[in-house]
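Here is a short briefing to read alongside the coordinates. It starts with one pairing question and then goes topic by topic.

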Amino acid sequence: MEMSASTHLHQKPKVWLKPGILLVYGSSLDAEEHSHHAIQIIFPKKKAVCHAENRAYNGNLIIGSQVLHRLALEEGWIILIEPHSKLGQRLNQYLDDQPIRVFSSITGHDVHPDNDENAPLRLFSPYLSMLKYQTNIEHDEPETMDSRIEQLIAQLDMCLSGQCQKPSSWRASDVAEQLGMSESRFLHLFKQHIGIAWRPYLRWRRLICAVYSLMKGEDATSAAHIAGFSDSAHLSRTFREMFGVSIRQVKQMLG
């Protein structure tokens with residue numbers, strides 16, 4: 001998620017959080033080189049340049065999970081999507097093993113935020129329809145997720161509805177015990193169904209939890225504790241490592 005607290009920001013970023021999706025609209029968005037678990041979509045309103053794989057990419061972009069990159073965006077959208085979600089699976093098929101893919105704008109479709117909190121999902125519906133028809137995921141037999149893993153993901157998603165119900169402990173052994181299975185079985189099933197190991201996935205979810213807490217007005221120390229970090233410095237180090245910016249910069253942007 002490329003965000004900068006530069007004094008040159010001419011539009012305060014707007015942020016939306018939905019289960020499996022984080023959307024940001026802003027200007028002068030930039031970050032150090034980094035990678036993250038989420039698939040990333042870039043819709044520039046103005047100039048955007050992404051450097052990755054010894055190349056420079058311009059325009060509308062889909063950036064795959066764990067792809068090392070740096071983005072400079074004058075103004076526009078950044079969308080982070082859980083790779084295990086249905087949309088994430090569709091995007092992975094659209095990427096077709098490419099680290100980054102450029103895609104065309106839809107003529108006459110101006111993607112811009114308004115005051116309706118549900119607007120972003122409606123704004124992007126033409127693009128999601130485009131992806132539906134350009135991939136064959138709708139024709140695949142959906143994989144049945146283990147109900148215990150599904151229960152855990154639903155529990156974590158409750159954070160975004162203001163009813164945060166995290167596991168009482170983040171340790172895999174404790175989570176496995178709560179779900180009624182061995183640690184090894186839990187780790188195997190989790191990676192099988194979600195496509196990433198528990199620990200890096202957990203780091204992603206904790207960072208999203210911290211962003212949500214900041215959006216609700218918590219300070220960095222409180223956000224760190226809510227999200228399961230030892231202190232704000234630990235949160236900021238992890239955040240910079242994942243997104244290329246510090247939690248202090250994010251707090252300045254959202255405050």
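Which residue in E8 is the bridge partner of isoleucine 62? It is arginine 101. This is a predicted model, in which local features need pLDDT of at least 70 and side-chain atom pairs count only at pLDDT 80 or more, while totals for chains, interfaces and linings use all residues. Residues are numbered from 1 along each chain as its sequence is written, and side-chain values use heavy atoms, with hydrogens and water left out.

**The chain as a whole**

- The chain holds 10 helices and eight strands; helices (H or I, at least four residues) and strands (E, at least two) are DSSP runs, numbered from the N terminus.
- Of its 255 residues, 50% count as buried, where buried means under 20% relative accessible area, exposed means over 50%, and partly exposed lies in between (1.4 Å probe, protein chains only).
- Among contacts (heavy atoms within 4.5 Å) between residues at least 6 apart in sequence, 68% join residues at least 24 apart.

- E6 pairs with strand E3 (residues 39–44) in the antiparallel sense over three bridges; two strands pair if DSSP finds at least two bridges between them.
- Within that pairing, isoleucine 41 stands opposite isoleucine 62.
- E6 is also joined to strand E8 (residues 100–103) by four bridges, and these two strands run antiparallel.
- Asparagine 60 belongs to E6 and counts as buried because its relative accessibility is 7%.
- Leaving aside neighbours within four places in sequence, asparagine 60 is in contact with Ile42, Phe43, Pro44, Arg101, Val102, Phe103, Ser104, Ser105 and Tyr127.

**Strand E2 and its partners**

- Strand E2 (residues 21–30) has eight of its 10 residues buried, so it is largely enclosed by the rest of the structure.
- Five bridges join E2 to strand E1 (residues 14–18), and the two run antiparallel; here tryptophan 16 has leucine 23 as its bridge partner in E2.
- Nine bridges join E2 to strand E7 (residues 70–81), again in antiparallel fashion, with leucine 29 partnered by leucine 73 in E7.

**The loop between E4 and E5**

- Glutamate 53 sits in the loop between strand E4 (48–52) and strand E5 (55–58), and its phi is near 55 degrees, a positive value in a residue other than glycine.
- Asparagine 54 lies in the loop between E4 and E5, with a positive phi near 60 degrees.
- Most residues other than glycine have a negative phi.
- Is asparagine 54 buried or exposed? Asparagine 54 counts as exposed, because its relative accessibility is 85%.

**Helix H9**

- Helix H9 covers residues 232–243, and its 12 residues reach 16 Å from first C-alpha to last, close to the 16 Å expected at 1.5 Å a residue (the expected span is 1.5 Å times one less than the number of residues).
- Leu235, Ser236, Thr238, Phe239, Met242 and Phe243 are buried in H9.
- Arg237 and Glu241 are exposed, on the face of H9 turned away from its buried side.
- At the start of H9, a side-chain oxygen of aspartate 231 comes to within 3.2 Å of the backbone nitrogen of alanine 233.
- Glycine 244 follows H9 and has a positive phi, near 85 degrees.

**Arginine 203 in H7**

- Arginine 203 is found in helix H7 (residues 198–215) and counts as partly exposed because its relative accessibility is 29%.
- Apart from neighbours within four places in sequence, arginine 203 is in contact with Thr238, Glu241 and Met242.
- Arginine 203 and alanine 227 are 24 residues apart in sequence and 9.5 Å apart in space, C-alpha to C-alpha.

**Cysteines**

- The count of disulfides (pairs of cysteine sulfur atoms within 2.5 Å) comes to zero.
- Cysteine 50 is buried, with a relative accessible area of 0%.
- Cysteine 209 is buried, with a relative accessible area of 5%.

Methods:
Polar contact = N/O pair within 3.5 Å; in protein donor to acceptor, adjacent residues only side chain to side chain.
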